[in-house]
Structures are given as C-alpha cells and as structure tokens.
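Please have the model open as you read.

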Amino acid sequence: MKPRVSIGVQWALRYTVALLVTVSVFGVFTYTQIARRTESDARLVLELQVNEVAVHAAAGEPDAMAETIERGIASADPELKLGFALFDTDGNLIVARGSLALYPTPLPEGVLAGEDQSGADQVEVGENYPYLVMAVRAPPGFVQGAIYTRPFVRNARDVRDIYLYSLPVLLLVTAGLGYALARGSLRPLAEMNATARHISGANLEERIPTTGSGDELDELAATLNEMIARIGRSVQRARRFSGNAAHELRTPLNALRSRLEVTLEQPRDAEEARKALAETAAEVEGLSNIVHAMMRLAQSEAGLAPEQRSPVDLSSLLREVVAFFAPLAEEAEVELVTELGDPVWVPGDPSWLHELFANLLDNAIKYTPGGGRVEVTIERQVDAVIIRIRDEGIGIPPEDLTRIFEPFHRVGDRSMAPGVGLGLPISRELARAHGGELQVESRPGEGTTFLVRLPGS
Ligand code: ADP
C-alpha cells in the first residue's frame with residue numbers, strides 16, 4: 001500500500017513549492033534589475049566627472065581642470081573613492097589624484113591608439129577592489145577617471161541577501177499556514193468520514209452534519225444525505241416487499257400443507273385422491289402465479305434494454321388486447337367500447353405494452369358490475385400519447401389511490417377477488433420503463449380511469 005500522505009501535508013507542500021517558485025522568480029528579477037541600474041548609475045557619475053575634466057583639458061585651462069578634479073574628489077561620497085589621472089600624448093602619467101594616485105592604472109592600448117573611446121571598463125584594482133575606470137582623449141593628452149563600484153553593488157547584494165535569508169523562514173511559515181488552513185477547511189470531511197463509518201443497512205437514520213455555509217463540502221454533505229435517504233427508502237421498500245411476499249406465500253403454503261396432511265391421514269379411494277390432487281394443483285398454480293408476478297415486477301423495475309425498443313402501433317396493439325378480453329367482458333356482461341383511430345407509433349416493447357394494458361383492462365372488467373361499460377381511448381398530444389381505460393365500476397376510495405401502486409396492496413375486503421396485488425405496481429413499472437407514467441382518477445361508486453402517458457416517437 002502506498003504510504004498515506006494527508007491532504008494537509010500535500011497542501012502545505014504545494015503552497016511551499018508555489019511560494020518558492022514565486023519568490024525565486026521575483027528575487028532573480030529584482031536582483032538583475034537593481035544590478036543593472038547600479039552599474040549604469042556608476043557609469044553615469046564617472047562619465048560626468050571625466051568629461052567635465054576633459055572639457056577643461058581640451059580648452060587649455062589647467063587651473064579650472066585642477067579645480068574641477070579637487071572639487072569632484074572633495075564633493076563626491078568618500079565611499080566612491082573617485083580618482084583622476086592625466087597622461088601625455090605618449091601615455092605617460094603626468095599627475096594622479098584620489099584613488100588613481102594610490103592605485104595607478106595604465107591607459108588602455110585602444111584609447112592610447114585613439115581607437116577606443118567607448119567609456120568605462122570594470123577593473124580589479126589592488127586585491128579584489130572593483131573599480132570602473134574610464135579614459136578619454138583630451139588633447140594634448142588623456143584624462144582618466146576611476147570610481148569604486150562596491151557601494152553600488154552592495155545595494156543589489158543587500159537585496160539578494162534579504163531574499164536568501166528570509167526565504168527559509170517564509171517557506172516554513174507558508175508550509176505551517178498551508179497545513180493549518182487545509183486542516184481547517186477539511187475538518188468537515190473528517191466528520192463525514194466518521195458518520196459514513198456508522199451508516200449501514202440497519203442504521204440509515206444518521207445524517208452527515210451540514211454547516212449551512214453552502215460551500216462545496218456542505219453541498220457534498222447534503223448530496224450524500226439525500227443519497228442516504230434514498231437508499232433508506234429503497235431498503236424500507238425492499239423490506240416491506242419481502243415481508244409482504246413472505247406473508248402472501250405463507251397463507252397458501254399453510255393451506256396446501258394442511259390439505260396434504262389431511263389427505264395423507266386416511267386411506268382414500270382413487271376418485272377422492274384425484275380430487276385432492278386437482279385441488280392441490282390449483283393451489284400450486286396460484287403460488288406459482290404469485291412467484292411469477294414477483295419476478296415480473298423485478299424485471300420491469302430493471303427497465304427496458306435499448307435493443308428491446310422498436311416502433312409499436314398502439315392503436316392496433318390495443319385492438320388486440322381488447323379482442324382478447326372481449327369474451328371475458330361478454331361473460332361479465334360488461335360493454336367494451338373503444339375509440340382508437342389511426343395508427344399511433346411509440347418506441348417500446350410490444351409484449352411489455354401488451355401486459356401493461358391487459359392488467360388495466362382485466363381490472364376494469366373485474367371491478368365493473370354487470371351492465372356497466374369499459375372504454376378504451378387514445379388521445380394524441382404534441383409529444384405524448386395518452387391512453388385512458390375508463391370503467392363504471394365500484395371505484396377506489398381516495399385514501400387507497402396512492403397505495404394501490406404498492407406491492408400486495410388490495411382495497412378493503414376486495415381481497416376476495418382473485419389477484420395478488422402486484423398487477424398495478426408491475427403496470428406502473430412497465431409504463432416507467434417506456435419513459436411514461438401511470439396515473440389514476442376514481443370516484444367510489446362511479447368508476448375509475450387509469451391514464452397511461454407515453455412519450456411519442
Ligand atoms: P389485483 O391483482 O388485486 O387486481 P392490482 O395491483 O391489479 O392487484 O390492483 C390492486 C388493487 O387496486 C385491487 O385489489 C383493487 O382493489 C384495486 N383496483 C385496481 N383496479 C381497479 C379498478 N379498475 N376499479 C376498482 N378498483 C381497482
């Protein structure tokens with residue numbers, strides 16, 4: 001397993017690297033800028049001084065020249081160690097003042113030959129003393145000036161040293177702050193983690209604490225809470241379903257067992273045994289119908305695979321379903337009326353849609369007394385098709401209108417009517433599998449309308 005590095009430490013490192021890069025770039029930039037400025041400042045001071053002396057030299061004013069030299073040396077910052085030297089045409093030193101008297105420096109060959117008038121050169125004087133030395137032709141000879149550059153360079157070095165010495169402290173402070181800030185803003189995550197550890201199938205009541213700040217972590221906590229609530233509802237539904245299923249299966253199974261026990265207790269003749277077996281077979285079929293319906297519910301809940309979809313003409317599909325139930329309606333003396341019109345195409349699975357409408361029509365006929373009417377109609381809308389199955393039956397009380405879609409729920413004493421209570425939940429899932437919905441409207445004693453809304457093609 002990889003060693004665990006906490007997010008706090010990761011962020012501390014990231015902040016530190018970010019600061020290191022920023023300060024280094026900024027430091028190098030500042031240092032080079034200051035160094036460049038310093039160099040040009042030193043050059044400027046020297047050029048001014050040397051040119052002023054050279055002007056007097058060229059003008060043949062030895063007194064003014066000497067005075068300019070003395071004044072320059074006296075008025076300049078002593079740290080700059082200004083120095084002057086005068087040379088004759090052959091490059092022999094005539095007189096030197098200031099630093100050039102202490103550290104005489106020969107004229108550059110280029111200047112002597114009259115080729116190079118370019119200005120100052122950096123020269124090491126004595127041991128490790130950086131001077132900027134400049135010589136210009138000032139007929140009849142040459143004027144040389146020198147300036148100590150360390151005071152200028154020192155500024156740039158000071159700035160560089162400040163950066164270098166403060167950097168480790170800055171990095172340490174940033175790492176510490178980064179760690180503390182990351183820890184602070186990640187505290188809700190630790191709480192989420194702790195709560196999530198407690199949550200299990202048996203304990204879905206707990207919720208992750210939210211701070212109400214509305215930030216990303218708070219949003220995540222709210223989303224997780226919604227998810228836990230959804231899972232809680234599914235778990236509850238699954239528990240209720242398995243409890244009801246066990247109950248539904250237990251009653252007929254008990255009856256079956258007692259019948260078999262009674263039958264086995266005494267010797268029976270062949271006719272009696274055949275009758276008992278026939279009754280047993282009917283009960284087993286009832287049980288197998290319940291199990292089959294439970295499997296259908298699970299299948300329809302899983303939804304429709306894309307390859308199961310093909311264009312289905314609802315109008316002719318409903319005609320087939322109605323034709324199938326016509327004998328049953330006739331037997332129950334229920335009038336079956338349709339208003340189906342031209343073909344209406346929807347994407348779906350014909351057998352699933354057949355089952356959906358068969359369930360609804362079966363109920364409508366089953367719960368409508370003789371002499372009543374059941375109507376099947378199609379309404380075309382812009383982006384949907386609405387199928388209504390309206391009956392003039394006994395109706396459904398308002399308090400049962402939502403519950404009839406729950407597995408195994410049957411209204412009042414109508415549990416006597418054949419059925420398991422899975423037809424409507426299956427039908428609703430079949431409608432949903434087609435991207436549609438199943439709704440009901442009913443008035444007890446007047447009738448019920450089931451409405452299937454399917455998206456059009
Ligand atoms: P069942 O197998 O009992 O018919 P369903 O899920 O199809 O199960 O229906 C659930 C209950 O809803 C039924 O037991 C019945 O009480 C009620 N119901 C369904 N359709 C109608 C209807 N058209 N008119 C009156 N009651 C209905």
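Let's begin with two helices: the axes of helix H9 (residues 350-366) and helix H10 (residues 423-433) come within 9 Å and cross at roughly 145°. Axes here are lines fitted to C-alpha atoms, for helices over the stretch in contact, with angles running from 0 to 180 degrees between N-to-C directions. Helices (H or I, at least four residues) and strands (E, at least two) are DSSP runs, numbered from the N terminus.

This is a predicted model: local features need pLDDT of at least 70, side-chain atom pairs count only at pLDDT 80 or more, and totals for chains, interfaces and linings use all residues. Residues are numbered from 1 along each chain as its sequence is written, and side-chain values use heavy atoms, with hydrogens and water left out.

Back at the helix pair, residues of H9 including Trp 352, Leu 356 and Leu 360 meet residues of H10, among them Leu 424, Ile 426 and Leu 430. Contact means heavy atoms within 4.5 Å.

A nonpolar core is a set of buried Ala, Val, Leu, Ile, Met, Phe, Trp, Tyr and Cys residues joined through side-chain atoms within 4.5 Å. Buried means under 20% relative accessible area, exposed over 50%, and partly exposed in between (1.4 Å probe, protein chains only). Of the 51 residues in this core, Leu 314, Leu 353, Phe 357, Leu 361, Ile 387, Phe 450 and Val 452 touch the most other members. At least three core residues come from each of domain 2 (216-301) and domain 3 (305-455). Beyond its neighbours within four places in sequence, Val 452 is in contact with residues including Leu 356, Phe 357 and Ala 431.

A second, separate core of 20 residues includes Ala 54, Ala 57, Leu 82 and Phe 152. Domain bounds come from an automatic or database domain assignment, and the C-alpha centres of domain 1 and domain 3 lie 103 Å apart.

Finally, the backbone. A cis peptide bond joins Pro 139 and Pro 140, with omega about 15°; Pro 140 sits in the loop between strand S4 (129-138) and strand S5 (141-148). Two residues other than glycine have positive phi values:

| Residue | Phi | Relative accessible area |
|---|---|---|
| Lys 81 | near 45° | 36%, partly exposed |
| Phe 408 | near 75° | 8%, buried |

Lys 81 is found in the loop between helix H2 (62-75) and strand S1 (83-87).
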